[in-house]
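User: I would like to go through this structure with you. Could we take it one residue or element at a time?

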Amino acid sequence: MIVQTPLPNAKILLHACCAPCSGAIIECMKENGLQPTLFYSNSNIFPEQEYEKRKTECERFCKEMGINFVEDPYIHDEWLSEVGSGRETAPERGARCLECFRYRLLRAATFAATEGFNLLTTTLASSRWKSLEQINEAGEWACETVSRNDTKVQWWNINWRKGGLQERRGEIVKERGFYNQLYCGCEFSMTR
């Protein structure tokens, strides 16, 4: 897939949820001459051992691909109080998911603004189980929230499922032997 950033010479921050969702995107970016930094911000993941498994896979893949890896602190209790409280029974693609995307992408956008990145995108947009509309709404909101006159972070609204990337995702998972989880990460999605 040929991709072009909406900004020339963009400094890209790629929010990532896991290695399986990151693989084809990072490969595609590298093939197109782009060098993102991966930002692992996933306080939604439960239990912490699951968080560590997914983080380890992302770190390993980034090292193999020559991509910088940045870990956001794991603060599940804060995530629960801001996102989960009152939304425990919300369905997948419902209000809880939108708030979860807003929480995580705001943390990514804040990091981007602080560290001089001007373009933000996410691997969440590669999952067919997630709503692209919710992801893009959350990403736009997060970037608008942190942007000021002297600092502008733009949301890169791109469908990472197209151009054969969905199929390539599955191939990379098998080729690299990635741990491939069976739920999005939060305890509320474990039983659905």
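User: Where is I172 placed?

Analyst: I172 lies in helix 6, residues 165-176; helices (H or I, at least four residues) and strands (E, at least two) are DSSP runs numbered from the N terminus. This is a predicted model, in which local features need pLDDT of at least 70, side-chain atom pairs count only at pLDDT 80 or more, and totals for chains, interfaces and linings use all residues. Residues are numbered from 1 along each chain as its sequence is written, and side-chain values use heavy atoms, leaving out hydrogens and water.

User: Is I172 buried or exposed?

Analyst: I172 is buried, at a relative accessible area of 2%. Buried means under 20% relative accessible area, exposed over 50%, and partly exposed in between (1.4 Å probe, protein chains only).

User: And what does I172 touch?

Analyst: Leaving aside residues up to four places away in sequence, I172 touches G23, A24, E27, G177 and F178; contact means heavy atoms within 4.5 Å.

User: In what sense does strand 1 pair with strand 2?

Analyst: Parallel, over 4 bridges, with strand 2 spanning residues 37-40; two strands pair if DSSP finds at least two bridges between them. F39 in strand 2 is the bridge partner of H15.

User: What stands opposite L14 in strand 4?

Analyst: T121 does. Strand 4 (residues 119-122) also pairs with strand 1 in the parallel sense, over 4 bridges.
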